[in-house]
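Have the model open as you read.

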Amino acid sequence: MASKSSILDCNRFRREDVESLDPKTRDLVERREKCMGSSYRLFYKRPLNLVEGKGEFMWDESGNKYLDMYNNIPSMGHSHPAVVEAVYDQMKKINTHTRYLHENIIRYSERLLSLMPKEIDRVMFMCSGSEANDLALRICSAYTGGTGILISQEAYHGNTQLVSAISPSIGGDQKLLDGVRLVPTPDYYRQGKSDEEFTAWYCSEIQKQIDDMKAHGIKLSCFIADSIFSSDGVHPNPKGFLKAAVDVVHRNGGLFIGDEVQPGFCRTGDAFWGFMRHGIIPDLVTMGKPMANGIPCSGLAGRHEILEAFSEKFPYFNTFAGNPVSMAAANAVLDVIEREGILEHTKQVGSELLAALKEVQSAHSSIVGDARGAGLFLGFELVSDPIKKTPSPEMTQILINKMYERKVLTSNAGPYGNVLKIRPPLVFKSEDISWFAGALDESLSEIERENR
């Protein structure tokens, strides 16, 4: 089956629906389009004007309350008081760049590295995950001398000129770098193999693409992946398959970049970092805005010998990366994780949420093919034929908007756009599950009735 989706075309407002909007919303949409242009995308057939957020909830301008099941960037919840206070207190004092000494960035660096494998002993800071991945690719090339890059078939790693060219899920006319090779989506649901067979298959696909690079005179630089393959449709299992693939890359002289922008900071429940679920020690780790609860902040951590190969050739400075205010927010996030037991909370509540999804799947087995995930990062896959596992992106889009009508916010992912992507703020609670599962069950029942 050919890919039919794009990360920017999933769950988007389309201009032809503008006439169906109420006057105020239509005015906002038209003003936005006039001054911001059409490259931007809005969620939902009826765009949402949100004005307040707290924890796992958000409110629109009319006071309607929504359950946020999608926004991973405010990882500790919208407007967490500890983060708000830390940012406010530091902003009153000073905010400047990293060519001056400041306790916040040094303290945060020490704390962050203490959470990494001991082999990863240096960290650098940027302002976005895109910048972190951009720098990681440059470092890998400087260290290996190669330009060949392995990525997943539906990868998304950012939007600079360099990383957008390793992000096929952007779609459109986006061209990939000449040295890029695509590895198939690790779709355990569709492969129908044992864990061992699946792992062997995936490793053989990695080796096949490396061999193709060699045949074209391209030297391998790196393999970059987020450990839950979020844009591919959320594929967390089997545990360990990614470690075996990384071993293949290392045997061929390449490096592994663990893109932890989405699976990091306790998101997958089993460990602080997504790569730890697979038993991997990456060469480089990239992080993004969830590390500071949405304040522009990102990082790159790695082995010192790899980073030094880059720094010997190129100085690096990113004007306001690692500034005292961003570092105050990032330190506050680590405080919240420790104080509120976020890792254990994510594991427990994520397990309860997945069990609830499995119940809904069982009740609607004619149109729901799979429910999967790790921690509070889950995928819920819709199909038109459960035997053939035929993707149903049209039904998924209908489902997203029916959930919206029930004040539950989510979106979709995957090569066909048929996977509900579920990743609420990590403060999502057990008592929130009934709202989400109830809305999901009701929406699917309504879809089934309409399709009879």
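Helix α7 (residues 195-215) has 21 residues, which at 1.5 Å a residue should span 30 Å, and its end C-alpha atoms agree, being 30 Å apart. That expected span is 1.5 Å times one less than the number of residues. Helices (H or I, at least four residues) and strands (E, at least two) are DSSP runs, numbered from the N terminus. This is a predicted model, where local features need pLDDT of at least 70, side-chain atom pairs count only at pLDDT 80 or more, and totals for chains, interfaces and linings use all residues. Residues are numbered from 1 along each chain as its sequence is written, and side-chain values use heavy atoms, leaving out hydrogens and water.

Just past α7, glycine 217 has a positive phi of about 75°.

As for β5, 5 of its 5 residues are buried, so the strand is largely enclosed by the rest of the structure. Gly148, Leu150 and Ser152 point one way, Ile149 and Ile151 the other. Its pairings (at least two DSSP bridges between the strands) look like this:

| Strand pair | Sense | Bridges |
|---|---|---|
| β5 and β7 | parallel | 3 bridges |
| β5 and β6 | parallel | 4 bridges |

Leucine 150 has phenylalanine 223 of β7 as its bridge partner, while serine 152 sits opposite valine 183 in β6.

Elsewhere, α3 (residues 103-114) and α11 (residues 324-339) pack at about 35°, axes 9 Å apart. Those axes are lines fitted to C-alpha atoms over the stretch in contact, with angles running from 0 to 180 degrees between N-to-C directions.

Conventions
Buried < 20%, exposed > 50% of the residue type's maximum accessible area, 1.4 Å probe, protein only.
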